[in-house]
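The sequence and structure are shown first.

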Amino acid sequence: MRSLLRFPLKKTLLGFAVTGAVASAPVQAGEVEVLHWWTSGGEARAANVLKELMEAEGHTWKDFAVAGGGGETAMTVLKSRAMSGNPPSAAQIKGPEIQEWGELGLLGNLDDVAQAEDWDSLLPEVVANIMRHDGHYVAVPVNVHRVNWLWANPQALNKAGVEVPTSIDDMFEIADDLREVGVIPLAHGGQPWQDATVFETVVLAEAGPDFYRRALVELDPEALNSETMIDALTTFKRMRTLMDDGMSGRDWNIATSMVIGGQAAMQLMGDWAKGEFTAAGLTPGEDYICVPAPGTESAFTFNIDSLAMFKARDEEAQAAQDDLARLVLEPTFQEAFNLAKGSIPARSDLDMSAFDSCAQRSMADFKATSENGGLVPSMAHGMAVRASVQGAIFDVVTNFFNDPDMSPEAAAERLANAGSSLL
Amino acid sequence: MSTSLSPARAARAPVKRSALGALTDWIPRLVLAPSVAVSLFFVYGFMIWTFVLSLTNSRMLPSYDFVGFAQYAQLMANDRWWVAATNLVVFGGLFVGICLVLGAGLAILLDQRIRQEGSLRTIYLYPMALSFIVTGVVWKWLLNPSLGLQAMVRGWGFEGFTFDWLVNPDMAVYTLVIAAVWQASGFVMALFLAGLRGIDDSIIKAAQLDGASLPRIYARVVMPCLRPVVFSAVMILSHIAIKSFDLVVALTGGGPGYASDLPATFMYTHAFTRAQIGLGSASAMLMLGGVLAILIPYLYSELRSRRHG
């Protein structure tokens, strides 16, 4: 654009468009290509906020959205792009996967932005560690999802004359009353990740965050094959008695709609379930209840989406990438994005008054648990261990949950093997 | 002049004819060359590449740190692989067997010059027009204990009726057989019907004159004539069985747990979602080995006996 400006004729021809763009352009304007799978209605709008912010800074935003739940398709595309030596500027990569990409030497360095914006104090240590590879910031968190939520339908509970449970034992106690009035106590979908979500919540409730960390994050074989784990597995299998026969292969949002419709009373699911309640026009606290999963009030299993930055090709791209990283963590985007997505901002210093009561509770617990050590990464959602180990754990958990003949002792032993036997 | 010209002409003519002949010889090869090259590269080239990857420790992206047959050793120690392999034997065996029997039976019944044969044939053949995804989803609803058959029969008052194969880890693989047989047996029927129509009536009449009973005619005369049909049906069905992926994904999702996993879904899960490309490639090579182990002897015996016969 600057070279065009040398010719007065062209300048006049291009008119306001050029002058307008030049006026707001920073010293260096680059292009960012962002691979993500925020493609559903609310998410797409939220991602658009980031695009507008980047364009206001004078950069060009090249959208690289790959639809397909869970991002499997997107990751396949990303791998082929990375192998051909042409990765995008940034990609939606989370958890330990960031480390795998870092080890391949493909990720850039965000230390300058991080220092200028003081990320070290903005982000809790557990979260910052996930964003760093080899001591350097390589990714920026977008949001925080809480996984250990219990969603309940107050009408269904009232019909049976029971209260919201506050411990796993309570859940079993109120189950009979709920069954009597024809309500399924716990809505669930029999898919491996959903089984694992219930499993990690039960482990957290029964054995506390310290044990959780030892077993499911550090993969300590002693913890995995301990009495505590066997007890947790026994309780986990007992959770089946709260569920219905038709759960096999059911999607999570179908289970949520059972709670909304009152066929089921409760569901253990992360806070993305709120989107379903909101879409049904319900208000938290009145039409539906959100409480931390019974027995896990003082803990917080997080699932954080992040954008990892690939090495920039030139200075302009680097400048654009730095601006992207800065904007992602700035209040404007954090608030807009998380209001749309049902999660909470990744920085804890924001005004939460625009958010609903569930999100406010989530933020309060996020702050509290990052102080007292109750903040743990979610194994079921790929935040704690690598995909291969996570897969091996899923296999054991889901097989144990569905196989009536498998003993908790055998499952615990296989969990310990799963954690250590991979190449 | 004329005498000197004619030998020259005579000498030139064969040269010309042979150049044209060479061209005619080469044209088919030239035309085929691109597709041969493409399939050499994309089929056999990638097969070799998969084999190479199966010897490496590739995780998320292909790497070339060779670890020998360690991935195969790990695969052999993997419970889920054995579940998938056993399931393939059960599923493949039952699927091919039941389809053949049912298809042949239907074809023989339809061949009795009955009324409305055309529309009946269409009814049986139509499931083949559906994709396995549709079949999977429909049967998933039918077999779901709280939505489908079980709920319906219980609704009629038979409270004790239980049909929960879909959610029972021991029986889930048989739901795959049900859905796949439903889809493919009409197609096998069409193959057999075409075969039956192709049999010379005079052979059957001759057998009748010799006093053979109808079942005996079918067993000793008709069925041996249909051997090529059985051959094509087995070929087509067994490759459907080994490639089955979409049906599992739509019907059971590999579940409950991983009770109804097949090698194809195992391979996909490990290579593409669990960042274990090495292990996934090893399982793909074993699948290829399994296919060859079944197909080569069968092809060999069928083709040899046909040449002799």
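**Contact between the chains**

The model is predicted. In it, 24 residues of chain A are in contact with 28 residues of chain B. On the side of chain A that touches chain B, the elements giving two or more residues are helix H3 (72-83) and helix H18 (387-402) of chain A. H18(A) provides the largest share of that side, with 8 residues.

**Nonpolar cores**

The largest nonpolar core has 129 residues, and those with the most contacts inside it are Trp151(A), Leu307(A), Ala308(A), Met309(A) and Val328(A). Helix H10 (residues 192-217) of chain A gives the most to this core, namely 10 residues. Residues of the core come from both domain 1 (26-145 + 303-360) and domain 2 (147-302 + 381-420) of chain A, so the core lies between these domains. In soluble globular proteins, nonpolar side chains tend to be buried together.

Which residues does Trp151(A) contact, leaving aside its neighbours within four places in sequence? They are Thr256(A), Val259(A), Met266(A), Gln267(A), Met269(A), Ala273(A), Tyr288(A) and Cys290(A). A second, separate core has 59 residues, and includes Leu143(B), Val188(B), Phe192(B) and Leu247(B).

**A three-stranded sheet in chain A**

In chain A, 3 strands form an open sheet with mixed pairing, in the order S7-S12-S14. Strand S7 (145-146) and strand S14 (375-377) of chain A stand at the edges; each has a single partner strand, so one side of each is left without a neighbour in the sheet. Strands of a sheet pair through backbone hydrogen bonds, either parallel or antiparallel.

S7(A) and strand S12 (residues 300-303) of chain A run antiparallel and are joined by 2 bridges. Across this pairing, His145(A) stands opposite Asn303(A), and Arg146(A) stands opposite Phe302(A). S12(A) and S14(A), by contrast, run parallel and are joined by 3 bridges. Here Thr301(A) stands opposite Val376(A).

The side chains of S12(A) divide between two directions: Phe300(A) and Phe302(A) point one way, while Thr301(A) and Asn303(A) point the other way, and all are buried.

**Chain B: annotated spans and domains**

The unreviewed UniProt entry places the feature "transmembrane region" at residues 30-52, 81-110, 122-142, 171-196, 217-242 and 277-300 of chain B. Two of these spans are compared below.

| Span of chain B | Helix | Strand | Distance between end C-alpha atoms |
|---|---|---|---|
| Residues 81-110 | 100% helix | 0% strand | 42 Å |
| Residues 171-196 | 96% helix | 0% strand | 36 Å |

Chain B is divided into domain 1 (1-54) and domain 2 (70-308). Taken over C-alpha atoms, the centres of domain 1 of chain B and domain 2 of chain B are separated by 43 Å. Their contact takes 5 residues from domain 1 of chain B and 8 residues from domain 2 of chain B. By class, the side of domain 1 of chain B that touches domain 2 of chain B has 3 nonpolar, 2 polar and no charged residues.

**Two local sites in chain B**

Gln183(B) lies in helix H7 (residues 172-197) of chain B. Is Gln183(B) buried or exposed? It has 24 C-beta neighbours inside 10 Å and therefore counts as buried. Not counting residues up to four places away in sequence, Gln183(B) touches Pro127(B), Met128(B), Leu130(B), Phe132(B) and Thr135(B). Between the C-alpha atoms of Gln183(B) and Ile203(B), which are 20 residues apart along the chain, the separation is 33 Å.

The other site is helix H12 (residues 263-273) of chain B, which is largely enclosed by the rest of the structure because 9 of its 11 residues are buried. The buried residues of H12(B) are Pro263(B), Ala264(B), Thr265(B), Phe266(B), Met267(B), Tyr268(B), Thr269(B), His270(B) and Ala271(B). Ala275(B) follows H12(B) and has a positive phi, near 55°.

Terms used
Residues numbered from 1 in each chain as written. Chains lettered and ligands numbered in written order. Predicted model: local features only at pLDDT ≥ 70, side-chain atom pairs only at ≥ 80, totals over all residues. UniProt positions renumbered as here; feature names shortened; annotations may be inferred. Helix = DSSP H or I, 4+ residues; strand = E, 2+ residues; numbered from the N terminus. Contact = placed C-beta atoms within 7 Å. Core = buried A, V, L, I, M, F, W, Y, C linked by C-beta atoms within 7 Å. Buried ≥ 20, exposed ≤ 12 C-beta atoms within 10 Å, placed from the backbone. Domains from an automatic or database assignment. Nonpolar A, V, L, I, M, F, W, Y, C, P; charged D, E, K, R; others polar. Pairing = 2+ DSSP bridges.
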